[in-house]
Amino acid sequence: MRRSPVAPVAPVAPWVRTRLRAAPLTAGALALLVAVTAFLAALFPRAVDAYENEGVRTAVTEAGPARSGIQLSAPAGGLDKEQRERDAALRPAPLREQYGKILAVLPAPIRIDAGQSTHGAQTVKSPIGTDDWLPRLDPIDPEFTLAAQAGVDDHARVREGRLPRGKGVTSDSRRVEAAVTADTARVMRIEVGKDVHLTNPETGDALTVRVTGVLDPLRPKGAYWSTDSVLRTPDKILAPGPAPQLKRWHAALLIAPDAAPVLPAIDRAPQRYWHIAPDPGELTARDLPALKSRIASLEKGPLLSELRSFTDRNTLASTDLDKVLTEHAGLRDAVAPVVAVAAYGVGGVAAVVLLMTCALSAARRHDELALLRSRGGSVRGIAGRLLAESSVVAVPAAGVGLLVAVLAVPHARAWPSGVAAAAVCVLACAALPVRAVFTHRRPRAHQGRGDLVTARPSRRRTVAEMVLVVLAVGAVVSLRRRGTDGGGSSGVGAGGSGSASGGSVDWLVSAAPALVGGIATLLLVRLYPLPLRLFARPFARRRGALGFLSMASAGRASAAQVLPLLGLLLALTTAAFGGSVLAGVQEARDRTALLAVGADALVTRDGGALPASLADEVRRASGVREVAAVHIDWNLSLPDGTTIPLIAVDPDTYARLSEATGLGVLDAGALSAAEGNRAKEVVPAIATPDVARRLGKAAHTFRTPSGSFTAKVAATRSTTPAFPTQGAFLLIDRGALPTAKDTSLLVTGGGVTRAGIEEAAGGKEGKARKAGKAGKAGKVPPSLDIRLRSAQRAALIDSPLQSGAERVYTAAVAAGAGYAALAVLLSLLQSAPQRAALLARLRTMGLSARQGRLLLALESLPQALLAAGGGALVGWASVGLLADGLDLRRIALAARGGLTDLGAITLRADPWSLLLPAAGVVALTAAVAFTQSWWTTRRTPAADLRTGDNR
């Protein structure tokens, strides 16, 4: 009889479901770790994209319409052409048609703000106004620009009168209507109904302009009014001629677009123009190369030729947008490699922690997998099941992390974050199967102990270590030779945005600190057995057992301690390097702000001397600790005929100020003049080295408006709080100038505020201002000029690139610290069963609970001290090795780096960044060891000892 085929029987308990149900906490912990790591990996490039995009938009916006706008101009028909032809060229219709074609031709990524773009015609050689009632800065007539700009009615509100009309106006007309802005009317004293008489000084042509309205611009800072700001606000200009040049006013009169044909009547060569305002709202950092290429084509290339085909063969294009983008790219290329250093560091730590998690799982399941191999399980089959088991947990977790990152930073490129999350997912899925395949590739009945003290590295491991050493050395040498911004290369941009000019070694440069940490890990693992052997010998001769047992137990640890130590060293190196970068940036900004002010606050007055009682009033202000009154005469004549600033101060107060600020610290005794009539004595003076060299050792008599004195250089200083910039000065005791008045106040104190100083000084100044407004005083005294050190420091952070890079760097350091703590916990968790069993056995032999806690602490300290000391040492060495290749000026000061001449701001090791993370590792290790010992001693030894247990 023929048998029917037997259907395959499905397994009663599928592998994946069984394993997940058997260890739900382990699967949940892995899912959480993968989700957090995928979130951070996906968030990093998105955050970098976000602040780089915001940075380029801010750069274009802050550059202003005059620099970022695109100006196209073409000559209009002059009097050399027929009236019909020149009038037609200036009519609104053809200009509007050409304007529409220009907007259609400009290619992406040039995005246009149509609401602020405009077109029109105006005079090139500005005529002068001959009316006597017009204001004059010097005895010279003001000049005017006559402009017929489209869209005035849409961009302004009529305050008074009406808009001008231009119907019927031609180049033969000699009268025309115009409007002016409120600022122009106020400055030029123009009223509605007045006639402004214009004359061309070269040709004598005259034109009468009747003002019919005064306008209020709706967006005065927008491109419509600010591309050529004279249309909105009159400007002071220098008249041509020999020095000293005379100043004159330059203002604008706005005529109707229909009246544009009148321009040749006053200027025989007027011009047509098209002002294109860029829209930075959708601009991204990825658009920079293409945008710079389009701008180059627009200025002198095929795009300009295309524009000339329908405008005029002499059309010219001009813009500073390419320069703005180049300046921004320079800052980005300086910032990106520094941020990439943190990215590589925390990325390496995260990868190590993931591998440690999978290694811990593999170690716990070693017996299970060994049993499967001994019963005929294939390596491929075991690897496939482990891969499926890991994928079920890791893939959804990585997807969740990616989704959260996208929601956190929505506007950024998708592929970098997707690739980063996918890399985390692949690592989490493949780590456990690969580890199992490597460990169980051959069935083994028994596997000997791999003690750390007796382990002998294989040849393959030696070769791999040598390759890593070569890579790290090459990276360090490359960075020291070229720096992060030297040689025109920028290093790897964070998130893949770096310049490609860096070549194939850019990733080595940014990964240099991480590679240095890897080298140190390999060396420390190799050298670690030596101190254990050395310390074990003296402990063996002592009567107590704890020291010997702790050293022996530490030596019996597994030789596979590379991953935990690598994770800790990478985290500590990243924390030390990142903390030093952030500390260097803060120090540079503090120093720059201090050199800009000289103290916590500087109070001066435009009118010269300050009121005599102001110093006492400011001393009573909230948050003020001390006030140093200073007299400065900027024109002290030296014997060689040169002039330098003379600074007269009170020695005691000024000495305390110099000590508090650290600028030219001096002793009060070295500056104090003799008692009595000090004006007749030779007073000691402090000068800069150059001034001291010119004055020599002899005494010199000086005459100033505040009195005469005789001084002799007693000491030299390169800088001083009253004159913090690098410049020449002479500093004397104020007692030598009895009639000297306060010209500035240097204020110190932790809570100094502008409001506090203004409130304290508001007595006389406030009364004078109120009296001036009420007409009871002739001239209002000039207001105080208060400069705060805190405000100067805040002004140094003027780019989203700076603030964004600092936030990313700080987050990277924090993430590295978190992963370091997790690495410590995983390392101790991996050896926890062995330590618990050891402690249980020793307790059966009479070991007390207190001795057990001390034993576990001493056992865990060697590796913790190794990681902490090695991390601090490697961090210090990394900073020292790479400091010459890093100049933090651009990330610290950005465009305001020229505020003071600080030279190159180099990286220096920050002690707190070196010691605090290392101390944290030791403290965390000790805390975990004590916690484990406390928990173990609460249970009976039988709970940790089982028959047949091989631990």
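## Basis

Residues are numbered from 1 along each chain as its sequence is written, and side-chain values use heavy atoms, with hydrogens and water left out. The model is predicted: local features need pLDDT of at least 70, side-chain atom pairs count only at pLDDT 80 or more, and totals for chains, interfaces and linings use all residues.

Helices (H or I, at least four residues) and strands (E, at least two) are DSSP runs, numbered from the N terminus. H2 has 40 residues. From first to last C-alpha H2 reaches 57 Å, close to the 58 Å expected at 1.5 Å a residue. The expected span is 1.5 Å times one less than the number of residues. H2 has a kink of about 25° at Leu 43, shortly before the proline Pro 45. The bend at a residue is the angle between axes fitted to the seven residues ending there and the seven starting there. Gly 64 follows H2, with a positive phi near 90°.

Helix H30 spans residues 832-844. Its 13 residues reach 19 Å from the first C-alpha to the last, close to the expected 18 Å. Buried residues of H30 (under 20% relative accessible area; exposed is over 50%, partly exposed in between; 1.4 Å probe, protein chains only) include Ala 832, Arg 835, Leu 839 and Leu 842. Gly 846 follows H30, and its phi is positive, near 105°.

Strand E21 covers residues 784-788. Leu 784, Ile 786 and Leu 788 form its covered face. Asp 785 and Arg 787 form the uncovered one. In a regular strand the side chains alternate between the two faces of the sheet.

E21 pairs with strand E13 (residues 601-605) in the antiparallel sense, over five bridges. Pairing requires that DSSP finds at least two bridges between the strands. Ala 601 has Leu 788 of E21 as its bridge partner.

## Cavities and a pocket

On a 1 Å grid over the protein atoms alone, a cavity is a set of points where a 1.4 Å probe fits but cannot get out; a pocket is an open set with protein on both sides within 12 Å along at least five of seven lines; lining residues have an atom within 4 Å of a point. Grid points are joined across faces, edges and corners, and a volume is the space filled by probe spheres set on the points. The count is four cavities of 30 Å³ or more. Ala, Val, Leu, Ile, Met, Phe, Trp, Tyr, Cys and Pro count as nonpolar, Asp, Glu, Lys and Arg as charged, and the others, Gly among them, as polar.

The second largest pocket holds about 720 Å³. It is lined by 26 residues, and Thr 26, Ala 27, Ala 29, Thr 357 and Ser 361 lie nearest its centre. Helices H1, H2, H12, H14 and H29 each give two or more residues to this lining. H2 gives the largest share, eight residues. The lining divides into 18 nonpolar, four polar and four charged residues.

## Local backbone and surface

The peptide bond from Ala 108 to Pro 109 is cis, with omega near 5°. Pro 109 sits in the loop between helix H5 and strand E2. Arg 189 has a positive phi, near 60°, in a residue other than glycine. Its loop runs between helix H7 and strand E7.

Val 434 lies in helix H15 (residues 415-439). Val 434 counts as exposed because its relative accessibility is 53%.
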